[in-house]
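Here are some short notes to read alongside the model. Please keep the structure open while going through them.

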Amino acid sequence: MKNTFYIILGLLAIGFTSCTEDDVINPALEANSASIDFTVNHTVGTQNFTAGTAYSVGANGNATFSRFAYLLGSFYLIAEDGSTVTIDSQYAHIEAHSGKTTFSLVDIPYGTYKSMGFSIGLDSAINHGNPNQYNTDHPLSSINNSLHWGWLAGYIFTAIEGKDVDADESIIFHLAGAKNKTNVSLAANFTHGETGSAVILEYDIAEVFTSPNNFSFTNDGRSTHSISDPVSTKLFANMADVFTLTSAASK
Amino acid sequence: MKKTLLYILLVAGIYSCKDVVNEVPDTPFGTTPYSIHYLGSTLPPARLSSDNPLTKEGVQLGRMLFYDPILSADSTQSCASCHNQAHAFTDNGLRFSEGVRGTTGKRNSMPIFNLMWHLDGFFWDGRSDILRHQALVPIEDPTEMDETIGNVLAKLSSSSVYQTEFKKAFNTSTIDEELLGKALEQFMLSIVSGNSKYDRVKQGLESFTDQETVGEIIFNSEAITLNNEQNPNKPANYGADCFHCHGTGNGLFMRREFLSNGLSSNGDLGRGGVNGTAEDNFKFKTPSLRNVEKTAPYMHDGRFNTLEEVVQFYLSDMNATSAVNTNDAPNLHALKDSIYLSPDHKAALVSFLKTLTDEELLTKEEYSNPF
């Protein structure tokens, strides 16, 4: 019985061995594909974001952020003819506070694209998959991103930490839960060829606390680690329009 | 049944990627790749530096150097003097280590295992960016070995044994600082701890006791403050909130960030003393809790002698005594006020921590004194 268990385990293990990124690249695309390099500029309203600087966000006076980190996945592009290029198994780990604000999508087929999209957060299968399948330099490596809660809880999609300066209280919002994965769609118009492309995005941190829910640390709270309490529900509802596309062009 | 299937799938996921982590594209000079096997453990794969691939010859040389007092000024101390395998490579229960001149440092000897997953520097304050640089610092520290690298290189170069061993590992008998650091780095990177009871339980090979099971829940659950203990709406599972900084998700029970854990100051600025950033004052490396049963005393300055004392500290009111303003430290948000944990739950938490002890690490011949 014990042996049977291990044989089953072994067979399952074989089925799970596709752990390298190379496995997901379609060889047919490689000859006619190139990278898209992304830069994300973080702002608070009209101001550029810097960790430790006090900003007025939502219904609050002064807040500083020592950590503002998040994960992006489910990337796709929509071509001029309406066809969709889905980009599987590529992710981004962004840290506005540390300046880790660039990433690349590789092996993107040449084409003229009219829009792109991605999710803030991960789909359920990845969110609850084995975090230890990734090398330590992978965006989803839990030791790399410090955004994993444990095997059953999955990843933190966005971690916001800092201080409500006026109240002299720390703030810590760990926003998670596959059901809260936030889809972002951005209009773009660019031709992607052999030189590759560059895309510049803007993430407005003020939006997280502003629209449609005007968030108040005093009234709504200064922490959450729940996937469905009123705090996380309000903040997730504000996530959909944090991104805008500044530019997209071939290099 | 669904739970069973999920569990099997998770276990299968663990088994899928772990046979070889030491990626050695080309083994140089006819050396033999040193493969670290931790098949089935809960540890992630690591990407090692390509300019110092682990080889059997390099690891063996590093092991000899680690255990050889030739590195110290009076040939009385080796690395192992303050990093004893039986104590998870810490200093025999001592708060501060005594150097060759009889003086002591100001920080507790750190454990040595799973260093290949450390991404942000070594020492409590992270002052060495890579391990091969860290390895040389204690040699010249006047409170430790108080030797010069020049003297060490001269001593090693006059040894026919080391000339042979360096030739085997690095294809040269010219022993220099870089190769000395690389050899020590190889040995230290080869030390892996991933065979504790915790690991075996996660692989379905053993079971936690009831007390350990409760302890794991407490470890992985949010804390509630003493004031809220009587709250009828308190969560069913509440705990000690250990997992935020010593997360189980990565299997390493640590975080890469330097953090304050609310300790009172002993004057040591920690990370801030290295980078000159006031916000980083009193922050220290967030250590792994693997083998924590064997690494007493605890904290960067070894101020607590037992795990029970450590648990009691985290339950205490930090606001008045913390070296940092607790309101400036989001990681202390849930910990800064007095936390409620029943005596049974405290004991359960400690029993869970003891499941992280890896007897194989403490006794494995490959890590032991080769002389």
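1. Two residues count as being in contact when their C-beta atoms, placed from the backbone, lie within 7 Å. The model is a predicted one. With that cut-off, 26 residues of domain 1 of chain B touch 27 residues of domain 2 of chain B. On the domain 1 side of chain B, the residues facing domain 2 are ten nonpolar, ten polar and six charged.

2. Where do the domains of chain B run? Domain 1 takes in 7–193 + 363–367, and domain 2 covers 197–355. Their C-alpha centres are 28 Å apart.

3. On overall form, the C-alpha atoms of chain B occupy a box of roughly 75 × 55 × 30 Å along the principal axes. The radius of gyration of chain B is 22 Å, which agrees with a compact globule, because one of 371 residues would have a value near 21 Å. In chain B, 49% of the 371 residues count as buried.

4. Chain B contains 14 helices and two strands. Of its contacts between residues at least 6 apart in sequence, 65% link residues at least 24 apart.

5. One helix pair deserves a look. Helix 2 (residues 56–66) and helix 7 (residues 160–170) of chain B pack at about 145°, and their axes are 8 Å apart. The crossing of helix 2 and helix 7 of chain B is left-handed.

6. Which residues meet there? From helix 2 come B:Glu57, B:Gly58, B:Leu61 and B:Met64, and from helix 7 come B:Glu165, B:Phe166, B:Lys168 and B:Ala169. By class, this contact between helix 2 and helix 7 of chain B has four nonpolar residues, one polar and three charged.

How values were computed: Residues numbered from 1 in each chain as written. Chains lettered and ligands numbered in written order. Predicted model: local features only at pLDDT ≥ 70, side-chain atom pairs only at ≥ 80, totals over all residues. Domains from an automatic or database assignment. Nonpolar A, V, L, I, M, F, W, Y, C, P; charged D, E, K, R; others polar. Helix = DSSP H or I, 4+ residues; strand = E, 2+ residues; numbered from the N terminus. Rg over C-alpha atoms; globule rule 2.2 N^0.38 Å. Buried ≥ 20, exposed ≤ 12 C-beta atoms within 10 Å, placed from the backbone. Axes fitted to C-alpha atoms, helices over the stretch in contact; angles between N-to-C directions. Left-handed = near helix turned anticlockwise from the far one by under 90°.
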